[in-house]
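Biologist: Please take a close look at the pockets of this model, with the cut-offs behind each term.

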Amino acid sequence: MKKLNKKLPNFTQAISQLIAQPSISSSQASWDQSNEGVINLLSAWFETLGFTVTIQAVPNAKGKFNMLAKLGTGTGGLLLAGHSDTVPFDENSWLSDPLKITDNDNKLFGLGSCDMKGFFAFILQVCQHIDLKTLNKPLYVLATADEETTMAGARFFANSGIIKPDVAIIGEPTNLVPVVMHKGHMSHKISIKGQAGHSSKPASGVNAIEIMHQVMSELFKLREKLSLSYQNEAFDVQTPTMNLGAIRGGDNANRICGHCELDIDMRSLPGMKDEELVAWLAKALQPIAEKYPGRLSIDELDPSSPSFQQTPESELVLTAEKLSGHRCCAVNYATEAPFIQQLGCQTIVMGPGSIDQAHQPNEYLAHSEITKTELVLTKLIHHYCF
């Protein structure tokens, strides 16, 4: 091991500086922020360590950037990946400043402490204590933009195809349990265009709420059909899911509703294709669309994220299980894994902290995660790069 580089921060300093750089990703423009501050910090640190750093502006995403740091030559190697953005926060729900690390009760509180700026602080610390001049295969560090909304950064990077590591590890908070499977996610807006009118003459208008009632009945039938037809015992929730999340319509009790919108999300199991779900949705609502010509439309809210699956018997999974001491598992939420997997590498999701803390007020990373995470990362880098 080499001596600690005095120009670089220690773990607590690094996570503090990363969290102090706001990088909220939100579909609401008033909340959305650039991630440039986080990317600049990471770039400077890894350049100091001798990495070659490339920063890419993410297309059609103002102020959003990816960073790829590379050390070593040749093919294959290890990619450590994560996202640089956070979710929005309600400061009134926090007991401390979300953008400052608060060390209390053997926990480091702060927005992004576990989801997932802390992962980059861990990588930085591990790299300061490894003799990186003797790598036999390259080590990559990838920081992406907008994972919390569109996953635009990971989509763009996957399509660029500029690297092909042997293996990739995405450091989302899994308590260092290797995740080899997760569901996909898609969201749609169903809109009904009615005809407003006075409530005293129902026949003079077309009530959009009443049509949406028919839509919802068909959605419930589709949900039941999917639940009966598809199951995967690896998941806590073993079936595909459909959630009716938000509904808007009408303006007054004495008016015929002229417009109604319903936002839904669907989460597919591995093996189910996004285009199949969209086709089933359209087919389920086709009779209503034909009954009311020109009044029903279905639009994608956000780009869909496909499901993910890595073969549990693959070398990466077996190695991760051995080094972490945990058996692999499946989770219900979505990550950037299917996009990183498109690089042609074995891919898992495994990182410090608990997903139960993600997207919550008073998010924290427990002190107990620090030593074991640094040890696992050190062993992974030695295994795949030396």
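Modeller: A pocket is an open set of points, on a 1 Å grid over the protein atoms alone, where a 1.4 Å probe fits and protein lies on both sides within 12 Å along at least five of seven lines; lining residues have an atom within 4 Å of a point. Volume is the space filled by probe spheres set on the points, which are joined across faces, edges and corners. The model is predicted, so local features need pLDDT of at least 70 and side-chain atom pairs pLDDT 80 or more, while totals for chains, interfaces and linings use all residues. Numbering starts from 1 along each chain as its sequence is written, and side-chain values use heavy atoms, without hydrogens and water.

The second largest pocket holds about 240 Å³. Its lining consists of 17 residues, with Asn 60, Ala 61, Asp 146, Thr 150 and Ala 152 closest to the centre. Helix H4 (152–160) and E14 each give two or more residues to this lining (helices, H or I of at least four residues, and strands, E of at least two, are DSSP runs numbered from the N terminus). The largest share, 3 residues, is that of H4. By class there are 6 nonpolar, 6 polar and 5 charged residues (Ala, Val, Leu, Ile, Met, Phe, Trp, Tyr, Cys and Pro are nonpolar; Asp, Glu, Lys and Arg charged; the others, including Gly, polar).

For context, the largest pocket has a volume of about 680 Å³. Of its 24 lining residues, Glu 147, Glu 148, Thr 149, His 185 and His 359 lie nearest the centre. Strands E9 (185–193), E13 (259–267) and E14 (296–305) each supply two or more residues to that lining. The lining of the largest pocket comprises 9 nonpolar, 8 polar and 7 charged residues.
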